[in-house]
Amino acid sequence: MLSPERLALPDYEYLAQRHVLTYMEDAVCQLLENKEDISQYGVARFFTEYFNSVCQGTHILFREFSFIQATPHNRASFLRAFWKCFRTVGKNGDLLTMREYHCLLQLLCPDFPLELTQKAARIVLMDDAMDCLMSFSDFLFAFQIQFYYSEFLESVAAIYQDLLAGKNPNTVIVPTSSSGQHRQRPPLGEASVLEGVEASLFSQCLENLCDRHKYSCPPPALVKEVLSNVQRLTFYGFLVALSKHHGINQALGALPDKGDLMHDPAMDEELERL
Amino acid sequence: MKTTMSSLSAFGDSSIQTPSKSRIRQGCHSAGPNVSGDHIHLASSSMPSFPILQRSSEEKILYSDRLTLERQKLTVCPIIDGEEHLRLLNFQHNFITRIQNISNLQRLIFLDLYDNQIEEISGLSTLRSLRVLLLGKNRIKQISNLENLKSLDVLDLHGNQITKIENVSHLCDLRVLNLARNLLSHVDNLNGLDSLTELNLRHNQITFVRDVDNLPCLQRLFLSFNNISTFESVCCLADSSSLSDITFDGNPIAQESWYKHTILQNMMQLRQLDMKRVTEEERRMASVVAKKEEEKKRESHKQSLLKEKKRLTINNVARKWDLQQHRIPNIAPNQDRKVSDSSQDPSQLHGSTVSAFPEETGSLDSGLANALQGLSVTDTHLVEVDGDTLSLYGSGALESLDRNWSVQTAGMVTTVSFTFIEFDEIVQVLPKLKIKFPNSLHLKFKETNLVMLQQFNALAQLRRVDQLTIDPQGNPVVNFTLWKYYVLFRLSHFSMQKINGTEVTQNDMIMAERLFGILAHVASSELPQYRMISILGDARKKQFRYLLETKGKKPGLVNEENNDSKRLVGENTNRAMLNYTTRDVYNERLEEIKEKKKFCKMYMEDLVKEATEINMKNEALQKLWPQMFIELVRDAVIEIRNKNSYMKLCLQQITDQK
């Protein structure tokens with residue numbers, strides 16, 4: 001607890017990193033909202049319950065989207081809650097459309113934005129035929145990547161576009177092999193005679209991004225691993241690879257492995273009781 | 001052809017006929033020896049085949065005006081000489097094919113050619129005195145060549161092949177016209193027969209009758225065994241004041257249930273129908289029945305008007321809905337029409353309100369009130385109660401739930417149908433629906449913009465729903481695979497029987513629980529208590545707010561509400577967590593919270609500032625403390641170095657303090 005690194009950070013930064021303020025603010029806000037009800041059993045109990053639920057990951061249930069998105073822990077909790085509640089849908093084998101998954105999301109968060117779900121669906125369907133049906137596990141893992149790392153993915157998309165256009169966002173000096181590229185700006189259509197971008201170049205850019213990025217990003221080592229397997233890859237190909245990577249999933253810690261996705265003995269027991 | 005005596009004697013046997021000693025002898029160039037008889041007239045005729053008739057002068061004197069040539073096997077009319085004063089001529093039962101050789105008999109009054117083979121009416125143009133012409137049972141195809149027979153009194157053309165009534169308009173003295181057993185398909189062209197009293201049209205193929213009202217004297221009309229099936233086809237009869245006797249038997253119309261009274265009602269002047277006297281009783285019955293029919297017709301006319309109005313309104317509402325949904329571009333003229341129409345609204349509304357609420361006017365009988373269908377018809381919305389169904393079209397219709405519905409009407413309603421109304425708006429009036437129409441068990445939604453499963457949560461507040469029908473048109477939610485299961489899950493406390501017409505099976509219920517049971521469990525058990533209370537509290541708050549708003553709270557009602565809320569807490573609390581707030585209300589709430597959030601943020605910032613200041617001070621103290629401690633210790637040690645002087649100093653200090 002009293003580790004030296006913890007004390008090394010100046011105050012605000014420490015608080016910001018742990019998102020302590022977010023939770024404190026939200027707690028006080030909830031207190032204000034429900035004054036009459038909470039005054040019945042005391043403020044101390046309220047705070048206990050609140051932070052307990054934060055720990056357990058149930059604090060995001062039926063909350064507004066701005067809160068759910070606020071911290072990585074919230075996002076992970078939401079993913080886990082979604083998995084828990086609708087695992088049965090997946091188990092049943094139903095294939096649903098993007099809109100229906102969005103509907104299920106809305107059951108837990110009434111103002112969840114459609115764009116996020118659409119982006120997640122694009123990952124699964126490779127930006128093709130948006131009305132296609134998707135399996136629960138495909139959607140869930142793609143959604144995880146999209147939702148948890150949404151800001152990171154936006155930056156990645158920008159980098160990808162730049163690379164496609166022949167611009168290297170990194171440094172002025174470019175390895176001689178691709179020196180021909182960076183001065184010209186060939187029209188997008190011609191740039192990909194070969195699809196996508198060079199994996200190694202991409203990997204370099206992403207490494208820099210991870211260093212700079214304030215928001216969470218996947219463990220750089222794993223990202224490198226993903227990119228080292230291929231020569232070239234497209235944007236959605238990259239995302240699909242991310243979503244299917246076990247290591248990243250485990251690093252996130254929200255969802256079980258793909259193999260165990262349908263297993264949840266505790267909930268199954270509850271279900272039997274109903 | 002020579003005739004023989006025997007045939008002549010046969011003449012004598014027939015009844016009316018003249019005891020004839022007359023003979024008919026065919027005239028020929030080679031005038032052969034005369035057959036017999038005293039008076040033989042050798043006729044030289046230009047036509048080789050015509051026989052020449054001769055009578056004895058005795059006969060001529062006895063029966064000077066009549067001549068009977070019945071059953072004489074005549075194939076042609078014989079030439080009749082020297083009988084110019086003849087008044088009656090009988091050619092019955094022969095084989096005559098053409099009327100000829102009688103032009104000279106200009107005094108003829110009675111001509112009987114019944115049962116011959118005549119194909120055409122001809123040769124009568126000189127018989128200006130003719131009064132009775134009997135041409136029955138011949139082969140006449142057309143009525144013609146009667147121009148000069150202006151004195152004709154009786155014309156008998158029955159049993160021929162006549163297809164059309166024509167060329168009779170000049171017979172202004174004709175009293176009896178017999179056209180039975182012909183091929184007539186209709187009757188018209190009857191003008192000019194100003195004296196006609198009897199018209200026999202039995203056994204034809206007549207389908208309609210016209211112009212009978214142009215016959216001022218017609219008393220008897222026989223239409224038996226024709227093809228008349230409606231009264232409209234003979235409606236001119238109603239206008240004939242002279243008719244007293246009519247027959248329709250053997251027509252399709254006579255088989256109809258309304259036959260007798262329709263005829264009697266429309267022809268008050270009739271004395272005999274189908275050869276039976278018309279009694280006063282029958283006439284009375286007929287008028288009663290006719291009045292009832294008139295009423296019915298008026299009613300159905302009114303209904304069809306109402307229906308048309310309804311249809312127009314629904315179209316209008318649909319159009320408005322489509323505009324709202326941005327399905328069709330907004331055209332300016334539409335707006336103008338609505339403005340001009342809305343100015344009509346007040347009068348329409350008043351007009352229909354009076355008819356719609358007999359309870360308020362208190363005069364109409366309940367039977368009629370129930371029969372009235374359209375209750376409120378304006379151009380922008382429509383409310384209709386049809387027995388057990390309440391139909392609402394257009395969002396304006398929702399206001400009608402505020403009206404004072406009679407207990408009887410409201411109690412009968414079991415189905416409520418919403419069309420062209422946003423579901424979010426319907427949600428807001430559901431509490432009213434629950435109270436005003438307590439027996440509504442079946443809800444139907446069409447074009448109501450149901451897009452999220454969450455919206456079904458709103459239906460949980462109703463008392464009971466047996467059946468739910470969500471029309472795919474205008475309700476995208478139906479496209480989801482899981483929507484039915486979600487409905488069954490969320491509204492499980494209703495034990496619904498049917499969804500969209502299909503029965504709900506036990507398997508469906510089990511599947512619904514299996515799919516969404518965990519959601520309910522999570523919602524109820526994993527939420528912190530204060531959240532549960534606040535969510536439940538919201539629902540209860542809404543109900544009580546509505547109650548407070550409605551004026552004239554009945555005590556019974558309050559108890560009901562308490563029961564409901566008790567039930568809410570007892571049953572299915574886990575589901576009760578799943579609420580639906582309409583988008584607008586939700587956004588409103590988020591707006592409200594923004595203020596609080598800002599305050600919280602500021603408050604926390606203050607706290608943080610305080611905490612960091614304290615923390616800084618603490619850290620600073622931590623840094624300085626070792627130094628300070630050493631100095632403290634050093635000072636103390638220096639002070640105590642000289643024991644004696646320290647003791648003296650302390651004592652001094654104590655005495656100073658006193």
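Predicted model: local features only at pLDDT ≥ 70, side-chain atom pairs only at ≥ 80, totals over all residues.
## Strands side by side in chain B

B:L443 has B:L468, in strand 22 of chain B, standing opposite. Strand 21 of chain B and strand 22 (residues 467–470) of chain B run parallel and are joined by four bridges. Strands of a sheet pair through backbone hydrogen bonds, in either a parallel or an antiparallel way.

Now follow strand 22 of chain B to another partner. With strand 23 (residues 498–499) of chain B, strand 22 of chain B pairs in the parallel sense over two bridges. Here B:Q467 has B:K498 in strand 23 of chain B as its bridge partner.

## An open sheet of 11 strands

Chain B also holds an open sheet of 11 strands with mixed pairing. Which strands stand at the edges? They are strand 3 (66–68) and strand 16 (276–277) of chain B; each has a single partner strand, so one side of each is left without a neighbour in the sheet.

Strand 9 (residues 176–178) of chain B and strand 11 (residues 198–200) of chain B run parallel, with three bridges between them. For B:N178, the bridge partner in strand 11 of chain B is B:N200. As you look at the strands, remember that side chains in a regular strand alternate between the two faces of the sheet.

## Two loops with a positive phi

Most residues other than glycine have a negative phi, and most peptide bonds are trans. B:N449 is not a glycine, yet its phi is positive, near 60°. Look for B:N449 in the loop between strand 21 and strand 22 of chain B.

B:N500 is not a glycine either, and its phi is also positive, at about 50°. This residue sits in the loop between strand 23 and strand 24 (502–503) of chain B. Is B:N500 buried, exposed or partly exposed? With a relative accessible area of 27%, B:N500 is partly exposed.

## Aromatic rings that meet

A search of the whole structure finds 34 aromatic pairs over all chains. In one of them, the ring centres of B:F248 and B:Y259 are 6.3 Å apart and the planes stand at 90°, so the pair is edge-to-face. B:F248 lies in the loop between strand 14 (245–247) and helix 3 (259–266) of chain B, while B:Y259 lies in helix 3 of chain B, so the pair ties together parts that are 11 residues apart in sequence. Both B:F248 and B:Y259 are buried.

B:W405 and B:F437 make another edge-to-face pair, with 5.3 Å from centre to centre and 65° between the planes. This pair links distant parts of the chain, 32 residues apart: B:W405 is in the loop between strand 19 (389–393) and helix 8 (407–412) of chain B, and B:F437 is in the loop between helix 9 (423–436) and strand 21 (442–446) of chain B. B:W405 and B:F437 are both buried.

## Charges over rings

Rings can have charged neighbours too. The charged end of A:R63 sits over the ring of A:F67, 4.2 Å from the ring centre. In chain B, B:R202 lies over the face of B:F222, and here the distance to the ring centre is 4.3 Å.

## Helices that cross

In chain A, helix 9 (residues 114–125) and helix 10 (residues 136–148) pack with their axes 8 Å apart, at an angle of about 120°. That makes helix 9 of chain A oblique to helix 10 of chain A, and their crossing is right-handed.

A crossing also takes place between the two chains. The axes of helix 3 (residues 20–33) of chain A and helix 15 (residues 583–640) of chain B come within 9 Å and cross at roughly 130°. That makes helix 3 of chain A oblique to helix 15 of chain B, and helix 3 of chain A passes helix 15 of chain B in a right-handed crossing.

## Buried places

How many of the 10 residues of helix 16 (residues 235–244) of chain A are buried? Seven are, so helix 16 of chain A is largely enclosed by the rest of the structure. Among the buried residues are A:F235, A:Y236 and A:F238.

In chain B, B:Y486 is found in helix 10 (residues 483–490). B:Y486 has 0% relative accessibility and so counts as buried. B:L453 is 33 residues from B:Y486 along the chain, and their C-alpha atoms are separated by 7.1 Å.

How values were computed. Residues numbered from 1 in each chain as written. Chains lettered and ligands numbered in written order. Heavy atoms only, no water. Pairing = 2+ DSSP bridges. Phe/Tyr/Trp six-rings, centres within 6.5 Å; stacked < 30°, edge-to-face > 60°. Buried < 20%, exposed > 50% of the residue type's maximum accessible area, 1.4 Å probe, protein only. Lys NZ or Arg CZ within 6 Å of the ring centre and 35° of its normal. Axes fitted to C-alpha atoms, helices over the stretch in contact; angles between N-to-C directions. Parallel < 35°, antiparallel > 145°, perpendicular 65-115°, else oblique. Left-handed = near helix turned anticlockwise from the far one by under 90°.
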